[in-house]
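Subject: Structure for you, with notes on its side-chain contacts

Hi,

Here is the structure I promised to pass on. Please have a look, and then read on for what turned up in it.

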Amino acid sequence: MELGSILQFLESKSILVTGATGFLAKIFVEKILRTQPNVKKIFLLLRAADNKSAKQRFHDEIISKELFRPLREKWGANLDAFILKKIALVPGDISYEDLGVKDSKLREEMWGHLDVIVNMAATTNFDERYDIALGINTLGAKNVLNFAKKCANLKALLHVSTAYVCGEKEGLILEEPFTMGETLIGALQLDINHEKELVEERLNKLQAEGCTEELITSTMKDLGIQRSRIYGWPNTYVYTKAMGEMLLGHFKENVPLVVIRPTIITSTYKEPFPGWVEGVRTIDSVLIGYGKGKLNCLLGDPESIIDLIPADMVVNTMIVAMVAHASQPCEKIYHAGSSLRNPLKLFHLHDLFFTYFRHNPWIDKHGKAIRVSKGRFLSTIAGFHRYMAICYLLPLKGLQLVNMVFCQYFKDIHMDLNQKITLVKRYVELYKPYLFFKAVFDDMQLEKLRRAARESNVEGDMFYFDPKCIDWKEYFMKTHVPGFIKHVMK
């Protein structure tokens, strides 16, 4: 595999980015604008009713973010002119044909000039409504592919999926594509058209019965979980992402297709500065619990490897892979993770969080430092249920009896506690596969790409993506946790 200059490839190119307001997409856009200001145009697909709404979203959710501070410092008063020249806002939605782009002139411009399409549009909620997840993660991917086929000069379609499309498989997970209709339990055959028809029928039935929006949402969420588990996936998110990959692989024809499967994405390692993160991501809910002194125990196998990868390394992987396979009719799958080359075990992460907050305690609203305890692991689901029974369900039962004696005086407290316990149990059911995950993601194909980048001597310092260089203690103590507190908990 030969790899030419990445910066040279990006020069004068036109790129369409879907899911442009997402965490990863913002980092991708910032990286391109900062490292190759001579890119021709970046088209950003934004879910918006019109240009005015798209501009508002771009300002509020993208360019005003701290992430773009280095770019603002570099361009100063000229930033607005630079952005106006390099960024084109596209109101649309990948759930629709032609990506919902109503402006025919804009569609024709993109079909005539786009070099690369990067699909990052997704709903990542584990228990998303099935109709929404299917529309975006599965059928949306097909709509992006159909749009790509209309582009006269397209050199690459890059699709961001997730490593966890593997479901609950154990052992070494290879960088291999799905075949159409493949399931994780082998016996059944998955028919995506049937899933689409099933969703439409169920929605029509619920609406005909005059069901409330709340009931429709609940029913569609349950349907997504049910359908995913029938075919071997643990939740709606990874199930619909897997089906999206199937459609892309099956219908791609001569489109150069690269699929990136990241693991758990964390804050930036180095660029544009260390520690930038947005929102409460997977491991950060644990971080908050520790910091606020509310995490007395942690459910999970302490020996499980938790596969983390900084966001800027994922973006660099995307860019290098995109360049490496441009104009080559192919389907390449790459895992972007750390479990094989630089594994981090759950107990080590637990120790790092405890150590950080012991030395840098969170200050509560009264100005007092919150003391943290190390807590303990509940290393089995049975242990979790025992813990819940002793610490929460028995007291809840007692409160129920007291409530009866005192004529429902404690009714609101009882209902609130019961709802919280139900919610915790639901989240445990959703996250259980990852708390006891017993797989490692192979990255043999990505290592070949890293080797090609090294041997070609191309901008390696700028487009780094080897997780082996990460010192996890250093990263969490000096980068991720301080960055999370600064940018999310500010």
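A residue is called buried under 20% relative accessible area, exposed over 50% and partly exposed in between, using a 1.4 Å probe and protein chains only. Please keep in mind that this is a predicted model: local features need pLDDT of at least 70, side-chain atom pairs count only at pLDDT 80 or more, and totals for chains, interfaces and linings use all residues. Residues are numbered from 1 along each chain as its sequence is written, and side-chain values use heavy atoms, with hydrogens and water left out.

Aromatic rings first. Rings of Phe, Tyr and Trp (its six-membered ring) pair if their centres lie within 6.5 Å; planes under 30 degrees apart are stacked, over 60 edge-to-face, and the rest tilted. The whole structure holds 22 aromatic pairs. One of them is edge-to-face because the planes of Tyr164 and Tyr434 stand at 85 degrees, with the ring centres 5.2 Å apart. Tyr164 sits in the loop between strand E5 (156-160) and strand E6 (171-173), while Tyr434 belongs to helix H15 (residues 411-435), 270 residues apart. (Helices, H or I with at least four residues, and strands, E with at least two, are DSSP runs numbered from the N terminus.) Tyr164 is buried at 9% relative accessible area, and Tyr434 is buried at 18%. Both rings also belong to a cluster linked by ring pairs, together with Phe126, Tyr237, Phe437 and Phe441.

A tilted pair is formed by Tyr269 and Tyr475, at 6.4 Å centre to centre and 40 degrees between the planes. Tyr269 is in the loop between strand E8 (264-266) and helix H11 (284-291) and Tyr475 in helix H17 (residues 472-487), so this pair ties together parts 206 residues apart in sequence. Tyr269 and Tyr475 are buried.

Now the charges. With a salt bridge taken as a side-chain nitrogen of Lys or Arg within 4 Å of a carboxyl oxygen of Asp or Glu, the count is 26. Arg34 has a bridge to Glu30 at 2.7 Å, N to O, and another to Glu271, where the closest N and O atoms are 3.3 Å apart. Glu271 lies in the loop between E8 and H11 and Arg34 in helix H2, so that bridge connects parts 237 residues apart in sequence. Glu30 is buried at 0% relative accessibility, and Arg34 at 19%.

Finally, Glu447 bridges to Arg450 at 2.9 Å between the closest N and O atoms.

Best wishes
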